[in-house]
Amino acid sequence: MSTLINTETPIPTKPLDGSSITFSELIERLNSQSSPPELEQIKSWLSSVEIFDHDLQPYLGFKEGNYWRHRVCRNDAVEMLVICWRPGQKTPIHDHNGSHGVVRVQQGLMWETNFAFDAGKGLCYDTGRECPTGTITGAEKPDIHQLGNPDVSGQDLITIHVYAPPLGVLKTYKVGSAKVEVYTPNDFPT
Ligand SMILES: [Fe+2]
């Protein structure tokens with residue numbers, strides 16, 4: 001992962017309208033969506049949800065070798081995941097193939113690196129940033145990025161992800177290459 005990290009001001013997790021919702025209420029709202037919710041709506045939900053340790057307990061689990069995705073809910077419009085990362089674990093460089101998504105850093109420190117695709121040079125580094133606990137980060141498409149728990153963090157990372165519509169096959173990229181491959185996230189790796 002690149003060391004060119006800047007420190008943009010994270011978006012605080014305070015509710016937009018001063019009210020909060022519970023984790024169960026958030027799941028109910030997601031399950032009731034019949035069309036993909038807007039990015040700003042998802043940001044608002046993830047900013048205003050209060051999440052306690054017992055809420056996340058069913059979705060916590062780390063493994064060596066790769067980060068672990070735990071699905072909380074999914075329908076045709078939207079899905080929510082909890083992802084658990086040991087230090088040094090990171091995604092491939094990918095985009096969301098038409099979905100938009102929001103990440104809430106629940107515990108730990110996340111690095112996000114963004115890339116630009118140049119028809120001549122292929123994939124190029126664009127920006128990097130550090131996202132501490134409480135950061136809400138959302139991206140419209142197209143957005144080629146890599147998320148991870150830096151190996152120097154010295155701590156586990158727990159993140160909450162909402163994607164609309166749910167992620168299917170993702171496109172993956174390599175720096176300096178124009179080659180695009182596909183990748184299917186595996187929710188229950190063995
Ligand atoms: Fe992503």
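Mentor: Two strands pair if DSSP finds at least two bridges between them. Strands (E, at least two residues) and helices (H or I, at least four) are DSSP runs, numbered from the N terminus. This is a predicted model: local features need pLDDT of at least 70, side-chain atom pairs count only at pLDDT 80 or more, and totals for chains, interfaces and linings use all residues. Residues are numbered from 1 along each chain as its sequence is written.

Trainee: What makes E6 and E11 a pair?

Mentor: Seven bridges join E6 and E11, in the antiparallel sense. The definition asks for at least two, so they pair.

Trainee: Why is Ile83 called buried?

Mentor: Buried means 20 or more other C-beta atoms within 10 Å of its own; exposed means 12 or fewer, partly exposed lies in between, and C-beta atoms are placed from the backbone. Ile83 has 22 within 10 Å, so Ile83 is buried. Ile83 sits in strand E4 (residues 79-85).

Trainee: Which residues does Ile83 touch, not counting residues up to four places away in sequence?

Mentor: Tyr67, Trp68, Arg69, Thr159 and His161. Contact means C-beta atoms, placed from the backbone, within 7 Å.

Trainee: What makes E11 mostly covered?

Mentor: Eight of its eight residues are buried. Leu157, Thr159, His161 and Tyr163 lie on one side, and Ile158, Ile160, Val162 and Ala164 on the other.

Conventions:
Two residues are in contact if their C-beta atoms, placed from the backbone, lie within 7 Å.
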